Amino acid sequence: MLVEAVYLKYNYDFRDYTGASQKRRVLVAMREMECDTVSELQSKVLHEPNGFAQLLQYLTIPVTEMFRDPEYFMAIREQVVPLLKTYPSLKIWIAGCSTGEEVYSMAILLKEEGLLERSIIYATDINPESLEAARRGVFPLERMRLYTENYQKAGGKAAFSDYYTAAYGGALFDRELMENVTFADHSLATDSVFSETHFVSCRNVLIYFNRRLQDRVFGLFHESLCHRGFLGLGSKESIDFSSYAERFEPLARRERLFRKVIA
């Protein structure tokens, strides 16, 4: 089986990703990598120098935007930020950060709320190419209109264009936003926690995991968070049916913001 072979050779674990999502992505990979069968794809991935790197781009297709679901960021401003301001320093984990749009959104929000300088942000993903794109901080200019609208709906306090410069055929974001950001290769399926974090944001990642892997990830987040720390999920994700449901309380249920209740 392809995912088992990938795990054994490269230690990337896709075995608990949902079947339907995984099948779609493998079919796309077969088409784009010009393979007629899964066996042919597996052979290319295992034996050709760039085969696995190519496959990884299809198994971890980034679907993201800046200030996606603006009401989520507005709820952070209104309900989480006042409590974060009570800490002398902050650790924030953006899990499954993809190409970085979520990281820059969070950094802008923290800057506007006077928290960025005292924050350390861990931005993690399993895809090295996505992490490199996030480090560069250059996004398509044609996306800036949508991102500006999202930012404004999310309670933005400045002109969104103040945060980027048109350059290199795209929008280059202010490097100061990333001064306290650490980008790291990290798998929610196999790796451990970042300890004593105050806020974990993991959005639109868990929808691709089966129940067993979701429970593992909720366990990671619970262990990572400090006493009464905060967890943010994607709009189609829920903690309600996991074995950790009783260990978090809803802070803003509609916006998928939760707070740890058991240390």
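Analyst: N204 is buried, with a relative accessible area of 15%; here buried means under 20% relative accessible area, exposed over 50% and partly exposed in between, with a 1.4 Å probe and protein chains only. The model is predicted, so local features need pLDDT of at least 70 and side-chain atom pairs count only at pLDDT 80 or more, whereas totals for chains, interfaces and linings use all residues. Residues are numbered from 1 along each chain as its sequence is written, and side-chain values use heavy atoms, with hydrogens and water left out.

N204 belongs to the loop between β7 and α9 (211-224). Such labels refer to DSSP runs numbered from the N terminus: helices are H or I runs of at least four residues, and strands are E runs of at least two. Apart from residues up to four places away in sequence, N204 touches R68, G234, S235 and E237, contact meaning heavy atoms within 4.5 Å.

The backbone of N204 also deserves attention. Most residues other than glycine have a negative phi. N204, although not a glycine, has a positive phi of about 60°. E196 is likewise not a glycine and has a positive phi of about 55°. E196 is found in the loop between β6 and β7 and is partly exposed, at a relative accessible area of 48%.

K236 lies in the loop between β8 (225-233) and β9 and is exposed, with a relative accessible area of 71%. Its C-alpha atom is separated by 18 Å from that of S98, a residue 138 places away along the chain.

The strands named so far belong to a sheet. Seven strands form this open sheet, with mixed pairing, in the order β6-β2-β1-β7-β8-β10-β9; two strands pair if DSSP finds at least two bridges between them. β6 (181-185) and β9 (248-252) stand at the edges with a single partner strand each, so one side of each has no neighbour in the sheet. From one strand to the next, the twist averages 20°. Angles run from 0 to 180 degrees between N-to-C directions, and axes are lines fitted to C-alpha atoms, for helices over the stretch in contact. Strand β7 (residues 197-202) pairs with strand β1 (residues 90-95) in the parallel sense over three bridges; there, F199 of β7 is the bridge partner of I92. Helix α7 (residues 128-136) packs on the sheet, where it touches β2 (119-125) and β6, and its direction makes about 165° with that of β6.

The interior can be described through its nonpolar cores. A nonpolar core is a set of buried Ala, Val, Leu, Ile, Met, Phe, Trp, Tyr and Cys residues joined through side-chain atoms within 4.5 Å. The largest has 44 residues, and M66, I76, V103, I108, F160, F173 and L177 have the most contacts inside it. Among the elements that each supply at least two residues of this core are α5 (70-84), β1, α6 (101-112) and β6. Leaving aside neighbours within four places in sequence, V103 is in contact with I94, C97, I121, A123, M178, V181 and F183. A second, separate core of 42 residues includes L56, W93, F194 and V205.

C97, one of the contacts of V103, counts as buried at 2% relative accessibility. The structure holds zero disulfides, a disulfide being a pair of cysteine sulfur atoms within 2.5 Å. For C97, the nearest cysteine sulfur is that of C202, 10 Å away. C226 is buried too, with a relative accessible area of 5%, and its sulfur is 17 Å from the closest cysteine sulfur, in C202, which is too far for a bond.

Rings of Phe, Tyr and Trp (its six-membered ring) pair if their centres lie within 6.5 Å; planes under 30 degrees apart count as stacked, over 60 as edge-to-face and the rest as tilted. The count by this rule is 19 aromatic pairs. One is formed by F67 and F160, whose ring centres are 6.4 Å apart and whose planes stand at 80°, so the pair is edge-to-face. F67 lies in the loop between α4 (51-59) and α5, and F160 in the loop between α8 and β4 (164-167), so the pair ties together parts that are 93 residues apart in sequence. F67 is buried at 0% relative accessibility, as is F160 at 3%.
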